[in-house]
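Colleague: I am new to this structure and would like to learn how to read it. Could we take the strands and then the charged side chains?

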Amino acid sequence: MKVALCRSKKLRLDGAAATMANEAFRSTIPTCTLGGMQIASLSGEETANLIIDVARGRREDVEAPLYMTSSDAAAVSSYALSPMVREIYDDADVVSPESGIMVRFSHLLSRTPLAGPCDTTGLFHDVARRAPEGFRFFLFGATAVEVQRAADVTRQMYPHIEIAGCSHGFLDTSEERALLRRLDALQPDVLWLGLSVPKQRQFVLRNREKLGSVKVIRTCGTLISDLAATGQAAPDWLSRAGLAGLHSLWREPRRIARRLLVANPHSAYLMLAHSR
């Protein structure tokens, strides 16, 4: 029986069962196989509208909390090399393309090219702008000071959005259990999950069955600390052009340069060899 997500429904499914429950939903999402990964061919606007529709119970084919994440070009390499990374991505209901490079490769190599980049920064702001009054965000990640600052910035930018709560990302086991109870009580529309990779996706695999009161789970990397530092992560024009990675390169040149020099060439090979 199909069950629409609403505030009165609290589903309890383990990670594998949750994915199985959303198979009908996943079959409706257009995808592109890029380097062996299944990437959603949805624009940023379409993805934002999807999040809002699921949160408001308009998608009856969603029977478990919707788990959404994203992949940049470097992650294609990790997906091929690491069974753990493959499990993490394959468990997601929607994997969005972070970079314009992926979009360009898809137009060259795939019969079903990507609609456009859907980077996390742009998606956060698209959802916040489009969401109705009282739409509820929960921010989880970064330090206590940063996540509180990010919550305050979001309230200032989008006063119609309700920040149901926030938590820093450095929790021990007992604190994580307390957070899960808190999320169950608060029932946020979107949990923005800003832990490090792969910790944020491991959190979902470990706890998805306990997050039945959350409508949508979306990983967001460094978005929370970026919001805290600047009021916005990558500039909107960079995000929409699929070039948010340039902002990351400016902020973290050593880490990002290594990805560009090591992971991205391998990813390019994989996309050339394993795309359709």
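Modeller: Start with pairing: two strands pair if DSSP finds at least two bridges between them. Keep in mind that this is a predicted model.

Colleague: How many bridges join strand 7 to strand 8?

Modeller: Four bridges join strand 7, residues 190–194, to strand 8, and the two strands run parallel.

Colleague: What is the order of the strands in the open sheet?

Modeller: The open sheet has six strands in the order 4-3-8-7-5-6, and the pairing is parallel. Strand 4 and strand 6 (162–167) are the edge strands, each pairing on one side only. Neighbouring strands of this sheet are turned against each other by 20 degrees on average, with direction ignored.

Colleague: Which helix lies across strand 5 and strand 6?

Modeller: Helix 8, residues 144–157, lies across strand 5 (136–141) and strand 6. Angles run from 0 to 180 degrees between N-to-C directions. Helix 8 runs at about 170 degrees to strand 6.

Colleague: Now the charged side chains. How many salt bridges are there?

Modeller: A salt bridge is a side-chain nitrogen of Lys or Arg within 4 Å of a carboxyl oxygen of Asp or Glu. By this rule the count is 12. One of them is formed by Asp93 and Arg26, with the closest N and O atoms 4.0 Å apart.

Colleague: Why does the pair of Asp93 and Arg26 tie together parts that are apart in sequence?

Modeller: Asp93 is in the loop between helix 5 (83–90) and strand 4 (94–97), while Arg26 is in helix 2 (residues 23–26), so the pair ties together parts 67 residues apart in sequence.

Colleague: Is Asp93 buried or exposed?

Modeller: Buried means under 20% relative accessible area. Asp93 has 6%, so Asp93 is buried. Arg26, at 21%, counts as partly exposed.

Colleague: Which residue forms a salt bridge with Asp91?

Modeller: Arg208 does, and the closest N and O atoms are 3.4 Å apart. Arg208 lies in the loop between helix 10 (199–207) and strand 8 (216–219), and Asp91 in the loop between helix 5 and strand 4, so this pair ties together parts 117 residues apart in sequence. Both Arg208 and Asp91 are buried. Salt bridges that share partners join Glu23, Arg26, Asp91, Asp93 and Arg208 into one network.

Colleague: Which residue meets Glu209 in a salt bridge?

Modeller: Lys210, at 4.0 Å from N to O. Lys210 is partly exposed, with a relative accessible area of 39%.

Conventions: Residues numbered from 1 in each chain as written. Predicted model: local features only at pLDDT ≥ 70, side-chain atom pairs only at ≥ 80, totals over all residues. Heavy atoms only, no water. Buried < 20%, exposed > 50% of the residue type's maximum accessible area, 1.4 Å probe, protein only. Contact = heavy atoms within 4.5 Å.
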